Amino acid sequence: MVDLRLQVVATVLGMVALAAAAGGSSSSGKQSEFQEVTVDAIHQGFKNGSLTSTALVRFYLDQIARLNPLLHAVIEVNPDALAQAARADAERSASRGRCAVGLHGIPVLLKDNIATRDRLNTTAGSLALLGSVVRRDAGVVARLRRAGAVILGKANPSEWSNFRPVESGWSARGGQTLNPYVLSATPCGSSAGPGVAAAANMAAVTLGSETDGSILCPSSFNSVVGIKPTVGLTSRSGVIPITPLQDTIGPMCRTVSDAVHVLDVIVGYDELDAEATGAASKYIPHGGYTQFLRIHGLKGKRIGVLDVLFQGYDDMQLAVYEKHLDTMRQQGAVLIKDLDLATNFTDLGEQEILLMNAEFKLSINAYLSDLLYSPVRSLAQIIAFNEAHPVEERLKDFGQPNLIAAEETNGIGTRERAAIQRLKEISTNGLEKLMKEHQLDAIVGANFLSFRVLAIGGYPGIAVPAGYDKEGVPFAIYFGGLKGYEPRLIEIAYAFEQATKVRRPPSFKS
C-alpha cells in the first residue's frame, strides 16, 4: 500500500511541477488573449505568425496549474506535451504554414479511459490500473497524432466511467471534479473531467466517451458543446469499455465549430474495431463535417418536440426552452409538437443494465488481457484490488455493486439476448418509427431521457448551451437523430448556437 501511495504522489507532484514550470513565463495578457480561443482563431494565429503551439501549450499548462487544485478536472499532464508542440511549430515553419489545418499543433485533453502509448497512464481513474502499459494508442489517438495534435494529458473521469458507480466526476486517482460555474453543483456524467476542462479553458479541445449520457450530460452542466457520434463512427479500440453496443467517443468543446473540427479528425474505419466502424463508415460525408457549419442550418429542418423530453424543469427553465423553440421557428425550422414515442419504455433501464453487466465483464476482461502489463488481469481482480484498498477506493462511500453484479454474469445467454431484442424493439418502435413517420431531421429535448433514448439505439446527439438556472448552473438543449444524421444535427446545432450565443465563461461560484 505504501508503494501504491508513493506512485500516486509522484504522479501528482510531477504533474504540478511540470505545469508550474511551463506556466512560469505566462503573462496576464497572454491569459486574457487565449481565454475562449477557438480552433479557427488558433489556426489564424499559426498562419500569421502571432501564435505558436509552444505558447499555447504553456498557457494551458499554466491554466491547469492554477485551476486544477480546485477543479480536479485533469488527472495527469503529458511530460512530452511541450516537445510535441515544438515539433508542430517546426513542421509548420518548414511547410510555411500549410500544415496549419485540422488539429495540427492544437492541444487536446483525453478522458482517462482513452489509451495512449506514451508516458501517460490509462486507468479509467482507478488505482488498480496505475502503471499498466497499453499495447498501442487508441484508434482515435492514432488519428489525432497523424493530424499533428498535441496530446496535452488525461482528464479525470468518474471511475470506471461511473459503472462502479461513484459520485459523478470522482475517481481514486483524480479526486472529485467540481463544476466551474457553481462549485457545489454536479459536473454530471463520467466525462466530467473533459467537460470541466473545456469549460474552464484548460485545453483547446477535449475528448470524452459516452455509454449513456456521459458526453451529453457533462456538456450540459458545464456549458460546453458535446457531440455523441453514431456508435461506430469513431473507433473504440484502445478505450476502456463498458459495452460495445453503446460506447462511443466524441468531442467536448466550447463551440460547435471546434467540436466539428475534432469530429472530422477522429472518425473513420479501424481494423481493431472493424465491425462497428465498418458499418458506420458509410455515414461519413465526402468532404467531412465542417461543410455543415451553416449559419442558416435551421431553415427547413423538421424538428420533433416531445413533451416527455422536457419534463422535470421549473417554469423559468421551461420559459427559456420555449423561447429557444421560438428562435428555431424564426430561423426557418418547422417544429412538430405534441409528439409521443408511442412505445412502452418503462423497462428500458432494467433491460439496459441487465445487458450492460454481461457486456462489461466480457469487454473489460478482453481489454485487460490485451495489455502489455497490468497489475490486474480480470474484473475479479479489480474487485479484489478495491477490497484490498478500501480507503483509497472509498468502498464505504460507494461500494462496487455493479462490478460485483457484472462478475456474476456468464456471458450472453438467454436473458441477455432477450434484452438485446427488447432494446432494439424500443428503438425501432419508438424513435425510428417516430422520425420516419413524421419525416423528422431531428428531435429536440432537455432531460435525462433524451440521451437514454439515443444511447440504446446507438444514435447521435449534440448538446448545445441553452441557459443558466437561478443559481447559475448551466443547462443545455439536445438535438438527436437516427444513425448517420450528424450532418443535419450539426447544421441545426450550429445555426442554433449562432442565433442564441448563450455560452459564457465559468464564474467559479461557491
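Most residues other than glycine have a negative phi, and most peptide bonds are trans. Is Ser 223 buried or exposed? With a relative accessibility of 2%, Ser 223 counts as buried. Keep in mind as we go on that this is a predicted model.

You'll find Phe 508 in the segment after helix 18 (486–500). Phe 508 is partly exposed, its relative accessible area being 29%. Then there's the peptide bond between Arg 164 and Pro 165, which is cis, with omega at about -5 degrees. Pro 165 belongs to the loop between strand 3 (150–155) and strand 4 (170–171).

Now let's step back to the whole chain. How many helices and strands does the protein chain have? The secondary structure comes to 18 helices and 13 strands. For 510 residues, a compact globule would have a radius of gyration near 24 Å, and the protein chain, at 22 Å, agrees with that. Taken along the principal axes, the box filled by the C-alpha atoms is roughly 55 × 55 × 45 Å. Buried residues account for 62% of the 510 in the protein chain. As for how the chain meets itself, look at the contacts with a separation of 6 or more: 78% of them are between residues 24 or more positions apart.

The accessible surface of the protein chain is about 18700 Å², and 52% of it belongs to carbon and sulfur atoms. There are 49 positive and 51 negative side chains, with the centres of the two sets 5 Å apart.

On to the inside. In soluble globular proteins, nonpolar side chains tend to be buried together. Here the largest nonpolar core has 141 residues, and Leu 144, Met 328 and Phe 479 are the ones touching the most other members. Helix 4 (residues 53–71) gives the most to this core, namely eight residues. Another core, of seven residues, lies apart from it, with Leu 348, Leu 355, Leu 423 and Ile 426 among its members.

Which residues is Leu 144 in contact with, once neighbours within four places in sequence are left aside? The list runs Leu 103, Val 108, Leu 110, Ala 149, Ile 151, Leu 207, Val 265 and Ile 266. Leu 144 is one of the buried residues of helix 6 (residues 139–146), along with Gly 139, Val 140 and Val 141. An α-helix has 3.6 residues a turn, so residues three or four places apart point the same way. The buried residues of helix 6 pack against strand 2 (107–111), strand 3, strand 6 (205–210), strand 8 (248–253) and helix 9 (256–266). After helix 6 comes Gly 148, with a positive phi near 90 degrees.

Leu 489 lies in helix 18 and is buried, with a relative accessible area of 0%. Leu 489 and Ile 420 are 69 residues apart in sequence, and their C-alpha atoms are 27 Å apart in space.

Towards the other end of the numbering, Phe 34 sits in helix 2 (residues 28–34). Phe 34 is buried too, at 3% relative accessible area. Beyond its neighbours within four places in sequence, Phe 34 is in contact with Leu 51, Ala 55, Leu 56, Phe 59, Tyr 60 and Asn 201. Phe 34 and Leu 56 are 22 residues apart along the chain, with 7.7 Å between their C-alpha atoms.

Last stop, Leu 82, in helix 5 (residues 81–94). Why is Leu 82 classed as partly exposed? Its relative accessible area is 21%, and a residue counts as buried under 20%. Leu 82 and Gly 232 are 150 residues apart in sequence and 32 Å apart in space, C-alpha to C-alpha.

Definitions and conventions. Residues are numbered from 1 along each chain as its sequence is written. This is a predicted model: local features need pLDDT of at least 70, side-chain atom pairs count only at pLDDT 80 or more; totals for chains, interfaces and linings use all residues. Side-chain values use heavy atoms; hydrogens and water are left out. Helices (H or I, at least four residues) and strands (E, at least two) are DSSP runs, numbered from the N terminus. The radius of gyration is taken over C-alpha atoms; the globule rule is 2.2 Å times the number of residues to the power 0.38. Buried means under 20% relative accessible area, exposed over 50%, partly exposed in between (1.4 Å probe, protein chains only). Contact means heavy atoms within 4.5 Å. Accessible areas come from the Shrake-Rupley method with a 1.4 Å probe; for residues, only the protein chains shown count as cover. Lys and Arg count as positive and Asp and Glu as negative; His and the chain ends are not counted. The place of a charge is taken as NZ of Lys, CZ of Arg, CG of Asp or CD of Glu. A nonpolar core is a set of buried Ala, Val, Leu, Ile, Met, Phe, Trp, Tyr and Cys residues joined through side-chain atoms within 4.5 Å.
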